[in-house]
Amino acid sequence: MSTSAFADSQHPITWPAGFTAAASFTFDVDAESCVIAHDPTSTRRMSLMSHQSYGPKVAVPRLLQILARQEVRGTFFIPGFTAESYPDVVRQIVDGGHEIAHHGYLHEPMQGIDAAIEGSYLDRGLEALEKVAGVRPVGYRAPWWELNWHSPALLADRGFLYDSSLLDGDAPYRMSVAPGSPSGASDARDIVEIPVDWALDDWEQYAFYPGVTGSGVIESPAKVLEMWTLEAEAHHSQESCFVLTNHPFISGRPSKAVALEQLIERVKGMDGMWVTTLEQIAEHTKATVSEVHTHARIDVPTYPGAGARFKSGQVQVPALN
Ligand SMILES: [Zn+2]
């Protein structure tokens, strides 16, 4: 057990023979779910719903063609509601040989919810994926990448192999399902974590819908291709793991899909780069890494004069006595 941080040169992975780094192309098939979870009244908005349904209707078939052409298997994180709404699309993904993974049922906001409710979301999502795709996923990505301290144990309870929602590493690692605390210290189980990065998410680059999300600036795919290439080259040189997160309704549009295929070609061309699914990377991590990382829970420090508090969106700083 260790509580050390992961520096660039300290990630505990040795890649399979013939490979010196890894890369995975992942797709979060949110479709309508993320918008409905954010605001249930959004179902009344036909145009907004169409912006989201572009993903499964138009983009996923296009992306599947690209992946087939490039002979790359991707990992598709699919909310249960998306699976039930677009069962044929999900079956096309399965038929393409790609990994199906869990992404909530209705892309529920997870922060602050208790373990029982979060567990019910996990179970509902599992049921939907099993019913529609005949798949019992081994991978999980929390909606909005919002993992709670109790989440790893909920995943282990349900047999998940890995999570891909945390942001504290450049390469996969094994993590204890009991973040450091007296109450959880007795749980000896662990799961694999495959970290992500907001700089490797298409949302920040391209997402825009008036009044819903985005800055209003939709970046050029040429700029994004350059940025993601630099990230892939850096991961390749430091022998870590490049994980790209794309949303079909965003990156499946024409010029963005072209840029994505160019990126895939570049990453595949990097000498010794293992381009594969997160499931494969997680299985390798579980089988070859012995160190298990225990996260230290963060508590608000107390000290004389402390007391800054968020209240009604305002930081209130009490006077020092
Ligand atoms: Zn999502």
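Strand β6 and strand β10 (residues 292–293) pair in the parallel sense over two bridges, where helices (H or I, at least four residues) and strands (E, at least two) are DSSP runs numbered from the N terminus, and two strands pair if DSSP finds at least two bridges between them. Within this pairing, R174 stands opposite V292 in β10. Strand β6 (residues 173–176) also pairs with strand β7 (residues 190–193), here in the antiparallel sense and over four bridges. S176 faces D190 of β7. The structure is a predicted model, in which local features need pLDDT of at least 70, side-chain atom pairs count only at pLDDT 80 or more, and totals for chains, interfaces and linings use all residues. Residues are numbered from 1 along each chain as its sequence is written.

Strand β2 (residues 75–78) has partners in both β1 and β3. Three bridges connect strand β1 (residues 21–28) with β2 in the parallel sense, and F76 in β2 is the bridge partner of F27. Strand β3 (residues 99–102) likewise runs parallel to β2, to which it is joined by four bridges; H102 in β3 is the bridge partner of I78. From β2, T75 and F77 point one way, while F76 and I78 point the other way, and all are buried. A residue is termed buried if 20 or more other C-beta atoms lie within 10 Å of its own, exposed if 12 or fewer do, and partly exposed in between, with C-beta atoms placed from the backbone.

F76 and I78 also belong to the largest nonpolar core, which comprises 76 residues; together with L129, Y162, I194 and V267, they touch the most other members. Such a core is a set of buried Ala, Val, Leu, Ile, Met, Phe, Trp, Tyr and Cys residues joined through C-beta atoms within 7 Å. In soluble globular proteins, nonpolar side chains tend to be buried together. Contacts of Y162, leaving aside residues up to four places away in sequence, are made with V138, G139, I191, V192, E193, I194, L278 and A282; two residues are in contact if their C-beta atoms, placed from the backbone, lie within 7 Å.

A142 is located in the loop between β4 (139–140) and α6 (151–157). This residue is classed as buried because 26 other C-beta atoms lie within 10 Å. With residues up to four places away in sequence excluded, A142 touches M110, L147, S151 and S165. The C-alpha atoms of A142 and H102 are separated by 8.1 Å, although these residues are 40 residues apart along the chain. H107 occupies the loop between β3 and α5 (115–133) and is likewise buried, since 27 other C-beta atoms are found within 10 Å. The phi angle of H107 is near 55°, a positive value in a residue other than glycine.

A positive phi value is also found at E239, a residue other than glycine, where phi is near 60°. E239 lies in the loop between α8 and β8 (241–246). Because 19 other C-beta atoms lie within 10 Å, E239 is partly exposed.

Helix α8 (residues 221–237) packs with helix α10 (residues 254–268) at an angle of about 25°, their axes being 10 Å apart. Axes are lines fitted to C-alpha atoms, for helices over the stretch in contact, and angles run from 0 to 180 degrees between N-to-C directions. The two helices α8 and α10 are therefore roughly parallel to each other, the classes being roughly parallel for angles under 35 degrees, roughly antiparallel over 145, roughly perpendicular from 65 to 115, and oblique for the rest. Contact is made by P221, V224, L225, W228, T229 and A232 of α8 with S255, K256, V258, A259, Q262, L263, R266 and V267 of α10. Helix α10 also contains E261, which counts as partly exposed because it has 18 C-beta neighbours inside 10 Å. E261 touches I66 and Q70, residues up to four places away in sequence not being counted.
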